[in-house]
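This briefing concerns the packing of helices in a predicted model. Two packed helices are described by the angle between their axes and the distance between the axes.

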Amino acid sequence: MSKRTSKYTIEEKVDMIHQVLSDHQSIHSVSNYYQLSSHTIEAWIHRYETAGVDGLKESRGWKHYSEATKISAVND
C-alpha cells in the first residue's frame, strides 16, 4: 500500500481556496500559479465548503465497510 502525501499543507490549500473565494481570483489563475490542475482546486473548494478544514486532511488508511453495507451497496 502506498503512502499518500500532499505536496501542499492544509494552510496552503486554505490560502489557495481563499484566493478564489474571498480575493475573487479565478481558479484558472490560481491553478496556473501553483502549477495544479484546476480540477484539484475545485475538489478542494468543494471539500472545504462541505466539511471545512477537516475535509482537506489526507486520509491515512483504507475505509472499512461492514458486510451488510457492502451487500446493500451492491443491491442498490
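The crossing of helix 2 and helix 3 is right-handed. Their axes come within 9 Å of each other and cross at roughly 115°.

**Helix 2 against helix 3**

- On the side of helix 2, the residues that meet helix 3 are I27, V30 and S31.
- Their partners in helix 3 are S38, I41, E42 and I45.
- By class, this contact of helix 2 with helix 3 comprises 4 nonpolar, 2 polar and 1 charged residues.

**The two sides of helix 2**

- V30, S31 and Y34 are the buried residues of helix 2.
- Viewed down the helix axis, these buried residues fall within an arc of 95°, so they line one face of helix 2.
- The buried residues of helix 2 pack against both helix 1 and helix 3.
- H28 and Y33, on the other side of helix 2, are exposed.
- Just after helix 2, Q35 adopts a positive phi of about 55°.

**Helix 1 against helix 2**

- Helix 1, spanning residues 10-21, packs against helix 2, spanning residues 27-34, at an angle of about 150°, and their axes lie 9 Å apart.
- Because angles over 145 degrees count as roughly antiparallel, helix 1 and helix 2 are described as roughly antiparallel to each other.
- The crossing of helix 1 and helix 2 is right-handed.
- Helix 1 contributes D15, M16, Q19 and V20 to the contact, while helix 2 contributes I27, V30 and Y34.
- The residues in the contact of helix 1 with helix 2 are 5 nonpolar, 1 polar and 1 charged.

**Helix 1 against helix 3**

- Helix 1 packs against helix 3, which covers residues 38-51, at an angle of about 95°, with the two axes 10 Å apart.
- Helix 1 is therefore roughly perpendicular to helix 3.
- From helix 1, the contact draws on K13, V14, M16, I17, H18, V20 and L21.
- From helix 3, the contact draws on I41, W44, I45, Y48 and E49.
- By class, the contact of helix 1 with helix 3 has 9 nonpolar, 1 polar and 2 charged residues.

- M16 is located in helix 1.
- With a relative accessible area of 1%, M16 falls under the 20% cut-off and is therefore buried.
- Apart from its neighbours within four places in sequence, M16 is in contact with Y8, V30, Y34, L36 and W44.
- M16 takes part in the contact of helix 1 with helix 2, and M16 also takes part in the contact of helix 1 with helix 3.
- The C-alpha atoms of M16 and A68 are 40 Å apart in space, and the two residues are 52 residues apart in sequence.
- I17 is likewise located in helix 1.
- I17 has a relative accessible area of 0% and is buried.
- Not counting residues up to four places away in sequence, I17 touches W44, I45, Y48 and L56.
- I17 and Y48 are 31 residues apart along the chain, and their C-alpha atoms are separated by 8.2 Å.

Notes
Residues are numbered from 1 along each chain as its sequence is written. This is a predicted model: local features need pLDDT of at least 70, side-chain atom pairs count only at pLDDT 80 or more; totals for chains, interfaces and linings use all residues. Side-chain values use heavy atoms; hydrogens and water are left out. Axes are lines fitted to C-alpha atoms, for helices over the stretch in contact, and angles run from 0 to 180 degrees between N-to-C directions. Helices (H or I, at least four residues) and strands (E, at least two) are DSSP runs, numbered from the N terminus. Angles under 35 degrees count as roughly parallel, over 145 as roughly antiparallel, 65 to 115 as roughly perpendicular and the rest as oblique. A crossing is left-handed if the near helix is turned anticlockwise from the far one by less than a right angle, and right-handed if clockwise. Contact means heavy atoms within 4.5 Å. Ala, Val, Leu, Ile, Met, Phe, Trp, Tyr, Cys and Pro count as nonpolar, Asp, Glu, Lys and Arg as charged, and the others, Gly among them, as polar. Buried means under 20% relative accessible area, exposed over 50%, partly exposed in between (1.4 Å probe, protein chains only). The arc is that of the directions from the helix axis to the C-beta atoms.
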